[in-house]
Amino acid sequence: MFSLSIVTPERVYCETEVESLVVPGTDGYLGVLSHHAPLITALKPGRIEYRDAEAKVHTLAVSGGFIEVSDNQVTLLADTIESGDEIDLDRAKAAHDRAKERLQKKDSDISIDRASAALARALIRMRIYRETH
Amino acid sequence: MPTLRDVKKRIKTVISTRRITKAMEMVAAAKLRRAQQRVEQTRPYSKKMDEMLSNLAAGSTGEIVHPYFEDRPIKRQTVVVIASDRGLCGSFNSNVIRRATDWLKDSPEGEIEIVTVGKRANDFFKRREWPVLADVSDWGGVLDLNKARDLMRLLTERFVTGETDRIQLFFTRFLSTVRYKIVGEVYLPIPKPEVDEDEGGTNLDYIFEPSPEEIYAALMPSYATTKMVTAIVESLASEHGSRMIAMGNATTNAGEMIDSLTLDYNKARQAQITKELLEVVSGAEALRG
C-alpha cells in the first residue's frame, strides 16, 4: 500500500491509499507498487489505472502531466484527468474531428504539433469512455 | 435652508445609489466566493509543482540546463502589472500600480517595457514615460486560461530569445476577504530551486525518465503557466474582495446619509407646518381686530 495524490490545476482530484498504479510515461507505460524506487517522469496522454484498498480498479484518462514517486508517496500532477463517467463524449468527438481536419490541412509545424497532441487527448478520452460504458 | 422638495429629491437619489451599491456588493460577494474557491483549488497544484521542481533539482546531478534559469546581465526588463478591468474597488488598483511605479522610479537597470493586465493598469501606464509592450484586458472578472497561457507564451518567448533579460511581476496576493498583500517578484529567470542539504528525506536518488533535461523541458512551461495563473487568480480574488468591501462601505454611508437627510426633511416639514399655523392664527387675530 502507498498513498497517491492526484492534483490538477483546477482541484485536488483524489488523495487515497492504493495497492498499485499504472501510468503512461513518455517512454511507455510503467507500473508502481509500494516501495518503488524514487522516480520523476513526465506523462503523455493515456490511461491511468490504480487498484484501491478494496482491490477495486479505477480507470482514468489523463492528458499529460508529471509523476513523482518517493518513499511510498506518489504525487501525480495532471493537466486534466477524468474517469469514464466524467468524460464528455461529444466534446471529445468534436475535438477529435477538429484535430483531424487541422492535420489534413498541414498549415505550420506548430499547429501540427498542437493538433496531433489534441488528437491524442481526444482518442484516449473516447477509448476510456467506451471501456467504461 | 433647503426646501422640502430639494431634500426629498436628494433622499431619492441617495436611495437609488444605495440600491446600486448594494447590488454591486452582492455581485462582488458572489464573484469573490467563486474566485476564492479557485484560489484554494490552484494552491495545492502550485505547491506540489514547487516541491517537484526542488526534488528534481536536488536529485539531478550537475547543472540545471533550461533557458528559464538563465541569469544574464540586464539590458532590458519587462514589468508585468496585474490590476483589474473595472474600478469601484477601493484602493485595489492604485495600491498595485503605486508599488510598481515606486519600483520603476528606483531606476532599475536597463531599458524598461511594461505589460499591463487589466484595463485600469493600461489606462495608467499608457500615459507614462515607460513604453507599454502589450496589454491583456477584458477578463470579465474571471480567469481565462487561454489568455493566461498566451501571456505566459509571450513573456517566455521574449525571455528565451533574449529580447528581455528579466521579467518582474506585480500582483495582489489574496490573504483573506479583508487582507491583501502586494507582491513584487521576479517571474523570469526562475531562481534556482534551493537544495536542502540537511533534510535527508528529499535527497533521494531519483530515477529520471527519460532524462532530467527532458523532464525540465516538459516541466518548466507548466511551471511558468502555473505561476502566471496563480498570480492572476489571486489578483482576481483580491479585486472582488476589495470591491465587496468598498461597496459595503458605500452602502453603509448611503444609509447614514439617508437617515440624516430624513431628519432634515422632517425638520423642514415641521417648520413649514409651524409657519402655516402661525399664519392662520395671526390672520384670525388680525380679523378679530
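**Helix packing in chain B**

Modeller: Helix 4 (residues 145-160) of chain B packs against helix 5 of chain B at an angle of about 125°, and their axes are 9 Å apart. Axes are lines fitted to C-alpha atoms, for helices over the stretch in contact, and angles run from 0 to 180 degrees between N-to-C directions. Helices (H or I, at least four residues) and strands (E, at least two) are DSSP runs, numbered from the N terminus. This is a predicted model, in which local features need pLDDT of at least 70, side-chain atom pairs count only at pLDDT 80 or more, and totals for chains, interfaces and linings use all residues. Residues are numbered from 1 along each chain as its sequence is written, and chains are lettered from A and ligands numbered from 1 in the order in which they are written.

Colleague: Which residues of helix 4 and helix 5 of chain B make the contact?

Modeller: Helix 4 of chain B contributes Ala148(B), Arg149(B), Leu151(B), Met152(B) and Thr156(B), while helix 5 of chain B contributes Ala224(B), Thr225(B), Met228(B), Val229(B) and Ile232(B). Two residues are in contact if their C-beta atoms, placed from the backbone, lie within 7 Å.

Colleague: Turning to the fold, how many helices and strands are there in chain B?

Modeller: Chain B has five helices and six strands. Their order along the sequence is α-β-α-β-α-β-α-β-β-β-α. The radius of gyration of chain B is 29 Å, well over the 19 Å that the globule rule gives for 289 residues, so chain B is more spread out than a compact globule. That radius is taken over C-alpha atoms, and the rule is 2.2 Å times the number of residues to the power 0.38.

Colleague: What does the C-alpha trace of chain B span along its principal axes?

Modeller: The trace spans about 115 × 40 × 35 Å.

Colleague: And Ser211(B), is it buried or exposed?

Modeller: Ser211(B) counts as exposed because it has 10 C-beta neighbours inside 10 Å. A residue is buried if 20 or more other C-beta atoms lie within 10 Å of its own, exposed if 12 or fewer, and partly exposed in between, with C-beta atoms placed from the backbone. Ser211(B) is in the loop between strand 6 (207-209) and helix 5 (212-288) of chain B.

Colleague: How many residues of chain B are in contact with chain A?

Modeller: 23 residues of chain B are in contact with 21 residues of chain A. Helix 1 of chain B gives the most to that side, with ten residues.
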